[in-house]
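Work through the exercises below with the sequence and the model open. Each task is followed by a stepwise solution.

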Amino acid sequence: MILEMSGIQKSFGGLEVLKDISLEVDSGEVVSVIGPSGSGKSTLLRCATFLETIDAGEIRYMGKPAAATGSQGKAVYVSHSELNEVKRYFGLVFQQFNLFPHFSVLRNIMDAPVFVQKRPKEEVHAEAMELLRKMNLENRADAYPCQLSGGQQQRVAIARALALKPSILFFDEPTSALDPELTGEVLKVIRQLAEEKMTMVVVTHEMPFARAVSNRVIFMDRGVIVEQGDPEEVFGNPKQERTVQFLRNYQR
Amino acid sequence: MSFSTMLYTMGEGMLRTCAIFILTILFSLPLGLVIMFLRRSRFFIVRTITKFYIAVMRGTPLMLQLLMWYFGPYYLFGMNIRGYRFAAIIIGFSMNYAAYFAEIYRGGMETIPQGQYEAAEVLGYGKAQTFFKIILPQVVKAILPSVTNEIITLVKDTSLAFTLAYNEMFSLAKQIAASQTSFVPFVVAGVFYFVANYAVAFTMEFIEKKFDYYK
């Protein structure tokens, strides 16, 4: 298992956003997380990437614990340095891209591998150029984020995350800030990664994409996983009334 | 007094004025950063004290502050303040301008989206790396116009050093004007401040252009 989350609980000021959620992701799996706004799907991703701290539950990457419920029923995280070790296993692509505006495209991709992971510059440069080729952006290496379209920026953000060679890549609504035309080019890249057996968890509102690309679909509502399974099953033959309702709204 | 003698005398004053200006910039810019951090501290007591400090620095005349810094040590601790004059001026100016710079930095920090911190965190940057590499360069770009304003004000404020009977340029101008019953020293002083500020504006515009490569 690349990622194991179990019994995750998270509240914001008394509001329970995640109620005892468990999620396991195996190597090579592509998991889509769908659900209405406020269902907790983004929070789940933010908990998985340590941008939010969980109240209770357990998180492991590659079998290594990152957080576990302690004796008082509260989640206890491992030490700072151990957590940094675990952080290397995942990457995250944001809805708003969050590229560094003062860095060129190439620097955005190379800076963390070179200065955080301390890898040789030449090697990283070659890999970065290869990633840009894959993202169809090899001629924009010297451009700045403000000179790129949203779709291009998001592809740079994907390349930036991949440059750190994560074992699993999370996407938090990667196309929600894009118009339909630009959405397509980003989804194409994610689809390509799926074909290369990249392990991914994608929070998305793109139902056809979720159905076509993922191995498993998770439908969340009000902080719980209502239904999950094979995309054809969840989309074609949903078992829960809430799922039916949600998908009906989408088909209109 | 010939014009050249006058210029020569005032020239010495200009050097002192420049010394005040340069030293104040040198100390207050980094000190402002420290004050900004204290102002944003997660400890209530640190935040409150810093807020009070900024309120006092902004809420009382700089002239009064200079007097306090100079004479305060004598009245409070009986310190011998002979030879302390210039240091008091630099402390007074630096402490005051640092408070203003701190608030400008703080305003700049607020313009940085939370996403920048989150992206840096996920990519593995440490706290210091994130600040100096990702955040600060963007803050600098955002605050340059306000900093320019503040620096221009400082050029003119240096004349307040006369309060402590320090012979910077403007003090000399007044002395010469009085003794020679001449208006010329004031014209020279005016031209000096104007040219100095023109140079400041020009330099700052140049730096702003350097940051123009991104939005």
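**Exercise 1.** Which residue is the bridge partner of A:V33 in β10(A)?

*Solution.* The model is predicted: local features need pLDDT of at least 70, side-chain atom pairs count only at pLDDT 80 or more, and totals for chains, interfaces and linings use all residues, while side-chain values use heavy atoms, without hydrogens and water. Residues are numbered from 1 along each chain as its sequence is written, chains are lettered from A, and ligands are numbered from 1 in the order in which they are written.

Step 1. Find the strands: helices (H or I, at least four residues) and strands (E, at least two) are DSSP runs, numbered from the N terminus. Strand β10 of chain A covers residues 216-221.

Step 2. Check the pairing, which requires that DSSP finds at least two bridges between two strands. Four bridges link β3(A) and β10(A) in the parallel sense.

Step 3. Read off the partner: A:V33 is bridged to A:I218 in β10(A).

Step 4. Turn to β9(A), residues 200-203, which is also parallel to β3(A) and joined to it by four bridges. Here A:V203 stands opposite A:V33.

**Exercise 2.** Why is strand β3 of chain A described as largely enclosed by the rest of the structure?

*Solution.* Step 1. Apply the cut-offs: buried means under 20% relative accessible area, exposed over 50%, and partly exposed in between (1.4 Å probe, protein chains only).

Step 1. Five of the five residues of β3(A), residues 30-34, are buried, so the strand is largely enclosed by the rest of the structure.

Step 2. Sort the side chains by direction. A:V30, A:S32 and A:I34 point one way, A:V31 and A:V33 the other way, and all are buried.

Step 3. For the chain as a whole, buried residues make up 56% of the 252 residues in chain A.

**Exercise 3.** Is B:V195 buried or partly exposed?

*Solution.* Step 1. Locate B:V195 in helix α8 of chain B, residues 184-210.

Step 1. Its relative accessible area is 49%, so B:V195 is partly exposed.

Step 2. B:V195 belongs to a nonpolar surface patch that also holds B:F183, B:F186, B:V187, B:V191, B:F194, B:Y198 and B:F202, with about 900 Å² of accessible area together. Areas come from the Shrake-Rupley method with a 1.4 Å probe; for residues, only the protein chains shown count as cover.

How values were computed: Patches are made of residues with over 30% relative accessible area and no salt bridge: like charges are joined within 9 Å, nonpolar side chains (Val, Leu, Ile, Met, Phe, Trp, Tyr) within 5 Å. A salt bridge is a side-chain nitrogen of Lys or Arg within 4 Å of a carboxyl oxygen of Asp or Glu.
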